Amino acid sequence: MGQMGNAGLLLVNTLINIYLFLMMLRFLLQASKADYYNPISQSVVKITQPVVRPFQGFLGPVMGRFDLATLAAAFVLKAVSIVAILQIAGIGMPPITQVAIGAVAAIANAILKIYFFALIVMIILSWVAPNASHPGALLVMQLVEPIMAPVRKVIPPLGMIDLSPIVVFIAISIIDGVVVGALTRSAGIAGALVGL
(Lines give C-alpha, C1' and ligand atoms only; values in the text may rest on other atoms or scores of the structure.)
Protein backbone atom coordinates (compact mmCIF):
# COMPACT_ATOMS: atom_id res chain seq x y z
CA MET A 1 0.00 0.00 0.00
CA GLY A 2 1.31 3.45 -0.93
CA GLN A 3 1.99 6.47 1.24
CA MET A 4 -1.47 7.96 0.52
CA GLY A 5 -3.17 4.70 1.51
CA ASN A 6 -1.22 4.50 4.78
CA ALA A 7 -2.01 8.14 5.55
CA GLY A 8 -5.69 7.46 4.84
CA LEU A 9 -5.75 4.46 7.18
CA LEU A 10 -3.95 6.50 9.86
CA LEU A 11 -6.57 9.23 9.49
CA VAL A 12 -9.43 6.70 9.74
CA ASN A 13 -7.87 5.15 12.85
CA THR A 14 -7.46 8.61 14.43
CA LEU A 15 -11.10 9.51 13.72
CA ILE A 16 -12.27 6.20 15.22
CA ASN A 17 -10.13 6.82 18.30
CA ILE A 18 -11.62 10.32 18.68
CA TYR A 19 -15.12 8.81 18.48
CA LEU A 20 -14.06 6.15 21.01
CA PHE A 21 -12.84 9.02 23.24
CA LEU A 22 -16.34 10.57 23.05
CA MET A 23 -17.98 7.22 23.85
CA MET A 24 -15.78 6.79 26.91
CA LEU A 25 -16.55 10.37 27.92
CA ARG A 26 -20.25 9.43 27.80
CA PHE A 27 -19.52 6.34 29.90
CA LEU A 28 -17.52 8.31 32.50
CA LEU A 29 -20.07 11.14 32.71
CA GLN A 30 -22.71 8.52 33.54
CA ALA A 31 -20.40 6.77 36.01
CA SER A 32 -19.59 10.04 37.80
CA LYS A 33 -23.28 11.04 37.85
CA ALA A 34 -22.51 14.28 36.03
CA ASP A 35 -25.39 16.58 35.09
CA TYR A 36 -27.20 14.80 32.25
CA TYR A 37 -28.91 18.03 31.17
CA ASN A 38 -25.64 19.94 30.81
CA PRO A 39 -25.45 21.03 27.13
CA ILE A 40 -22.06 19.34 26.72
CA SER A 41 -23.40 16.06 28.15
CA GLN A 42 -26.36 16.28 25.79
CA SER A 43 -24.03 16.84 22.81
CA VAL A 44 -21.88 13.83 23.73
CA VAL A 45 -24.99 11.64 24.07
CA LYS A 46 -26.38 12.83 20.70
CA ILE A 47 -23.06 12.22 18.90
CA THR A 48 -22.60 8.71 20.33
CA GLN A 49 -26.25 7.57 20.34
CA PRO A 50 -26.27 6.13 16.77
CA VAL A 51 -23.62 3.56 17.73
CA VAL A 52 -24.87 2.93 21.29
CA ARG A 53 -28.61 2.57 20.45
CA PRO A 54 -28.42 -0.99 18.99
CA PHE A 55 -26.63 -2.19 22.13
CA GLN A 56 -29.24 -0.61 24.40
CA GLY A 57 -31.77 -2.90 22.76
CA PHE A 58 -30.29 -6.10 24.23
CA LEU A 59 -28.26 -4.74 27.17
CA GLY A 60 -31.15 -2.62 28.37
CA PRO A 61 -31.09 0.86 29.86
CA VAL A 62 -28.39 2.14 32.17
CA MET A 63 -28.35 0.22 35.43
CA GLY A 64 -26.85 2.14 38.31
CA ARG A 65 -23.79 4.15 37.42
CA PHE A 66 -22.39 2.01 34.63
CA ASP A 67 -23.66 2.17 31.07
CA LEU A 68 -22.81 -1.29 29.76
CA ALA A 69 -24.33 -0.56 26.34
CA THR A 70 -21.83 2.26 25.75
CA LEU A 71 -18.94 0.08 26.93
CA ALA A 72 -20.01 -2.81 24.67
CA ALA A 73 -20.53 -0.48 21.70
CA ALA A 74 -17.05 1.01 22.19
CA PHE A 75 -15.48 -2.45 22.40
CA VAL A 76 -17.20 -3.69 19.23
CA LEU A 77 -16.46 -0.46 17.32
CA LYS A 78 -12.74 -0.65 18.13
CA ALA A 79 -12.49 -4.40 17.51
CA VAL A 80 -14.20 -4.12 14.10
CA SER A 81 -12.05 -1.11 13.16
CA ILE A 82 -8.84 -2.99 14.07
CA VAL A 83 -9.83 -5.93 11.86
CA ALA A 84 -10.94 -3.68 8.99
CA ILE A 85 -7.84 -1.47 9.03
CA LEU A 86 -5.45 -4.46 9.18
CA GLN A 87 -7.33 -6.19 6.34
CA ILE A 88 -7.26 -3.06 4.15
CA ALA A 89 -3.56 -2.55 4.94
CA GLY A 90 -2.92 -6.08 3.65
CA ILE A 91 -1.65 -7.42 6.97
CA GLY A 92 -4.43 -9.98 7.24
CA MET A 93 -6.64 -11.18 10.05
CA PRO A 94 -4.96 -11.04 13.47
CA PRO A 95 -5.94 -13.60 16.14
CA ILE A 96 -9.27 -12.75 17.81
CA THR A 97 -7.59 -12.60 21.24
CA GLN A 98 -5.20 -9.91 19.99
CA VAL A 99 -8.12 -7.93 18.55
CA ALA A 100 -10.01 -8.17 21.86
CA ILE A 101 -6.92 -7.15 23.88
CA GLY A 102 -6.30 -4.26 21.47
CA ALA A 103 -9.91 -3.06 21.90
CA VAL A 104 -9.64 -3.24 25.71
CA ALA A 105 -6.30 -1.37 25.58
CA ALA A 106 -7.88 1.35 23.40
CA ILE A 107 -10.79 1.75 25.85
CA ALA A 108 -8.43 1.95 28.84
CA ASN A 109 -6.22 4.43 26.95
CA ALA A 110 -9.22 6.66 26.16
CA ILE A 111 -10.40 6.63 29.80
CA LEU A 112 -6.95 7.56 31.10
CA LYS A 113 -6.62 10.35 28.51
CA ILE A 114 -10.00 11.79 29.51
CA TYR A 115 -9.00 11.90 33.16
CA PHE A 116 -5.57 13.30 32.29
CA PHE A 117 -6.98 16.19 30.24
CA ALA A 118 -9.84 16.79 32.69
CA LEU A 119 -7.31 17.11 35.54
CA ILE A 120 -5.26 19.63 33.56
CA VAL A 121 -8.41 21.68 32.87
CA MET A 122 -9.42 21.42 36.55
CA ILE A 123 -6.01 22.68 37.70
CA ILE A 124 -6.07 25.60 35.25
CA LEU A 125 -9.62 26.50 36.28
CA SER A 126 -8.68 26.41 39.97
CA TRP A 127 -6.04 29.08 39.24
CA VAL A 128 -7.86 31.37 36.81
CA ALA A 129 -11.56 30.87 37.61
CA PRO A 130 -12.05 28.92 40.86
CA ASN A 131 -15.80 29.65 41.00
CA ALA A 132 -16.56 29.26 37.28
CA SER A 133 -20.18 28.46 36.46
CA HIS A 134 -19.63 27.65 32.77
CA PRO A 135 -21.24 24.30 31.80
CA GLY A 136 -17.83 22.96 30.69
CA ALA A 137 -16.16 23.89 33.98
CA LEU A 138 -18.97 22.32 36.00
CA LEU A 139 -18.80 19.14 33.94
CA VAL A 140 -15.03 18.83 34.41
CA MET A 141 -15.41 19.20 38.18
CA GLN A 142 -18.19 16.58 38.25
CA LEU A 143 -16.11 14.23 36.10
CA VAL A 144 -12.93 14.30 38.20
CA GLU A 145 -14.52 14.46 41.66
CA PRO A 146 -15.06 10.66 42.00
CA ILE A 147 -11.33 10.01 41.50
CA MET A 148 -10.17 13.07 43.49
CA ALA A 149 -12.35 12.59 46.60
CA PRO A 150 -10.71 9.33 47.82
CA VAL A 151 -7.23 10.82 47.30
CA ARG A 152 -8.18 14.00 49.19
CA LYS A 153 -9.23 11.84 52.16
CA VAL A 154 -5.73 10.36 52.31
CA ILE A 155 -3.82 13.56 51.39
CA PRO A 156 -5.73 16.61 52.66
CA PRO A 157 -4.87 20.05 51.19
CA LEU A 158 -1.90 21.81 52.78
CA GLY A 159 -3.34 25.26 53.29
CA MET A 160 -4.04 26.62 49.80
CA ILE A 161 -2.09 23.81 48.07
CA ASP A 162 -3.92 20.66 46.98
CA LEU A 163 -1.45 17.85 46.26
CA SER A 164 -4.09 15.30 45.28
CA PRO A 165 -3.93 16.08 41.51
CA ILE A 166 -0.20 15.22 41.53
CA VAL A 167 -0.95 11.83 43.12
CA VAL A 168 -3.70 11.17 40.56
CA PHE A 169 -1.37 12.19 37.68
CA ILE A 170 1.25 9.74 38.97
CA ALA A 171 -1.38 6.97 39.26
CA ILE A 172 -2.60 7.67 35.69
CA SER A 173 1.00 7.52 34.39
CA ILE A 174 1.67 4.24 36.20
CA ILE A 175 -1.57 2.63 34.99
CA ASP A 176 -0.92 3.87 31.45
CA GLY A 177 2.68 2.64 31.44
CA VAL A 178 2.12 -0.70 33.15
CA VAL A 179 -1.43 -1.85 32.36
CA VAL A 180 -2.13 -0.20 28.99
CA GLY A 181 1.49 -0.78 27.91
CA ALA A 182 1.23 -4.50 28.74
CA LEU A 183 -2.13 -4.79 26.95
CA THR A 184 -0.77 -2.98 23.89
CA ARG A 185 2.25 -5.31 23.72
CA SER A 186 -0.01 -8.37 24.20
CA ALA A 187 -2.23 -7.20 21.34
CA GLY A 188 0.66 -7.60 18.89
CA ILE A 189 0.00 -5.87 15.56
CA ALA A 190 -3.47 -4.77 16.81
CA GLY A 191 -1.70 -2.79 19.53
CA ALA A 192 -0.38 -0.39 16.91
CA LEU A 193 -3.93 0.96 16.52
CA VAL A 194 -4.63 1.58 20.23
CA GLY A 195 -3.94 5.28 20.94
CA LEU A 196 -4.48 8.63 19.34
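Visitor: Why is Arg 152 called partly exposed?

Guide: Arg 152 has 25% relative accessibility, so it counts as partly exposed. Buried means under 20% relative accessible area, exposed means over 50%, and partly exposed lies in between, using a 1.4 Å probe and protein chains only. Please keep in mind that this is a predicted model, where local features need pLDDT of at least 70, side-chain atom pairs count only at pLDDT 80 or more, and totals for chains, interfaces and linings use all residues. Residues are numbered from 1 along each chain as its sequence is written, and side-chain values use heavy atoms, with hydrogens and water left out.

Visitor: How many salt bridges does the structure hold?

Guide: There are 2 salt bridges. Arg 26 and Asp 67 also pair through their side chains, at 3.7 Å from N to O. This pair links distant parts of the chain, with Arg 26 in helix H1 and Asp 67 in the loop between H2 and H3, 41 residues apart. Both Arg 26 and Asp 67 are buried.

Visitor: Why is Thr 70 called buried?

Guide: Thr 70, found in helix H3, has 0% relative accessibility, so it counts as buried. Leaving aside neighbours within four places in sequence, Thr 70 is in contact (heavy atoms within 4.5 Å) with Met 23, Met 24, Arg 26, Phe 27 and Val 52.

Visitor: And why does Ser 41 count as buried?

Guide: Ser 41 lies in helix H2, and its relative accessibility is 5%, so it is buried. Not counting residues up to four places away in sequence, Ser 41 touches Leu 29, Asp 35, Tyr 36 and Leu 139.

Visitor: What makes a set of residues a nonpolar core?

Guide: The members are buried Ala, Val, Leu, Ile, Met, Phe, Trp, Tyr and Cys residues joined through side-chain atoms within 4.5 Å. The largest such core has 38 residues, and Met 23, Met 24 and Leu 143 are among those with the most contacts inside it. Helix H4 gives the largest share, 11 residues. Apart from this core lies another, of 10 residues, including Leu 9 and Ile 82.

Visitor: Why is Trp 127 called exposed?

Guide: Trp 127, in helix H4, has 68% relative accessibility, so it counts as exposed. Trp 127 forms a nonpolar surface patch with Phe 116, Phe 117, Ile 120, Ile 124 and Val 128, which together have about 630 Å² of accessible area. Patch residues have over 30% relative accessible area and no salt bridge; nonpolar side chains (Val, Leu, Ile, Met, Phe, Trp, Tyr) are joined within 5 Å, and like charges within 9 Å. Accessible areas come from the Shrake-Rupley method with a 1.4 Å probe, and for residues only the protein chains shown count as cover.

How values were computed. Helices (H or I, at least four residues) and strands (E, at least two) are DSSP runs, numbered from the N terminus. A salt bridge is a side-chain nitrogen of Lys or Arg within 4 Å of a carboxyl oxygen of Asp or Glu.
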